[in-house]
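User: Could you take a close look at the main nonpolar core in this one and walk me through it?

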Amino acid sequence: MTEHKPGGDLTLGGQRVHERLTREEPDLVARVLARIQAEVADYRRLPVEELAGDIARITQQTVRAFARCLREDRDLNAAELRQIGASAVRRAEEGFPLEAVLAAYHVGTREIFAVGSADAGSADVADLLEVADRTLAFVGTVTGAVTRGYLEELRTKIGQEHTARRTLLSVLADGGPVDAVARSAGIALPARYLVLSVELGPHADEATPGIDADIAIRRKLRRFLAAFEHSCGDGVLASLDGPGGLVLLPLAGRLSAVREWGSLLGTAGRAAGVDVLAAADTAAPSEVREVAGRTGEVLDVLRWFGRPPGLYRLDDVLVEYQLTRPGEARDRLAAVLAPLDAHPELVETLSTYLELDTNRRRTAARLHVHPNTVDYRLRRVRDLTDIDPLHPAGLPRIIAALAARRASLPRTV
């Protein structure tokens, strides 16, 4: 087994490699910078003072670090890695592409190797291979340091932005000092928001054996929000869990037209692969708390009355909404169905029957019972409440009573 030669003794063309790199350092740094600009287009967009300052400085530090590693026969130390990582952090702060930074280090390392091996001859093959191996190991270590520094800064930045947006959403929903919070977070508030209270149906993956349901839910939510962000930019604010939640969209551009609201919601639902039921209204930032409360109530009404997926406004369910408002009338309507409290199968049958447009056969199929069983249960409802759900005259009151009953029940989390 061949022993590795100490890095300080590696010689090409009659000269130790680390000595050549040190002697030619000024010219080498200039050549690296020129090659980076020629081969990595993003660097041509940087200000001249940055190229001559920070970029030239880290280039010089990297050349010196490689020469030291050869001379001292070692890998990059902690201080050298911190220098490289700190430079990557600055690129992340500027929003400079990570792929461009990595490409620059690869280009620069190739130039370092080219200079160090320029006079290599046939007698230098063993040392040349050793230098090449150490060069590859060096650029691999550098790549790791750059990536760690860049991504840590990116995670910090994203975390700060996420926290700021969640704080802003919380203040909007709670009715706090919106303008002050937005200014401190550096977020420009729109004149109005489109307020959406949404209920997301389950994705098929959530119930698929062998698939992590939590991952499937997060993927659903990510795709749902990404569709809004693609259309509305980074001004989207949202608080969502698996079943749904609240979304605020800046009311501008295409969303200025009401007809576009349902279209965008449909796009988001298809991106997530789920059905979406939503209540919508608009609000100035100072009105979000009140409007979000109302859209949440409208969403409840949509669920209670079994409305199909889609986007609805208060005007679409005015009668139903009014029927479910707290008060003496609602309490009396709900009390009509009190005799059914001891018969959950009757409540389930009645709810399904009304949801399926009073179709007995579909109701029986949904409940996995015989149609005669559905008839029997609905007659029991009539006997207990004195309202006949099988007769057209009884439908309006039984529908209203069921909605009032649902509205009066405690909400489940």
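Analyst: Of the 42 residues in the largest nonpolar core, the ones that touch the most other members are Leu21, Tyr43 and Val146. By nonpolar core I mean a set of buried Ala, Val, Leu, Ile, Met, Phe, Trp, Tyr and Cys residues joined through side-chain atoms within 4.5 Å, with buried meaning under 20% relative accessible area (1.4 Å probe, protein chains only). Keep in mind that this is a predicted model: local features need pLDDT of at least 70, side-chain atom pairs count only at pLDDT 80 or more, and totals for chains, interfaces and linings use all residues. Residues are numbered from 1 along each chain as its sequence is written, and side-chain values use heavy atoms, leaving out hydrogens and water.

So who builds this core? At least two residues each come from helix 1 (17-23), helix 2 (25-39), helix 3 (48-72), helix 4 (78-94), helix 5 (98-116) and helix 6 (125-174); helices here are DSSP runs (H or I, at least four residues), numbered from the N terminus. Helix 3 gives the most, with 10 residues.

Now zoom in on Tyr43. Leaving aside residues up to four places away in sequence, Tyr43 touches Ile36, Leu51, Ile55, Phe96, Ala100, Val101 and Ala104, where contact means heavy atoms within 4.5 Å. Apart from this core lies another one, of 23 residues, including Leu194, Ala227, Leu265 and Ala278. As a general point, nonpolar side chains tend to be buried together in soluble globular proteins.

Technical notes. Buried < 20%, exposed > 50% of the residue type's maximum accessible area, 1.4 Å probe, protein only.
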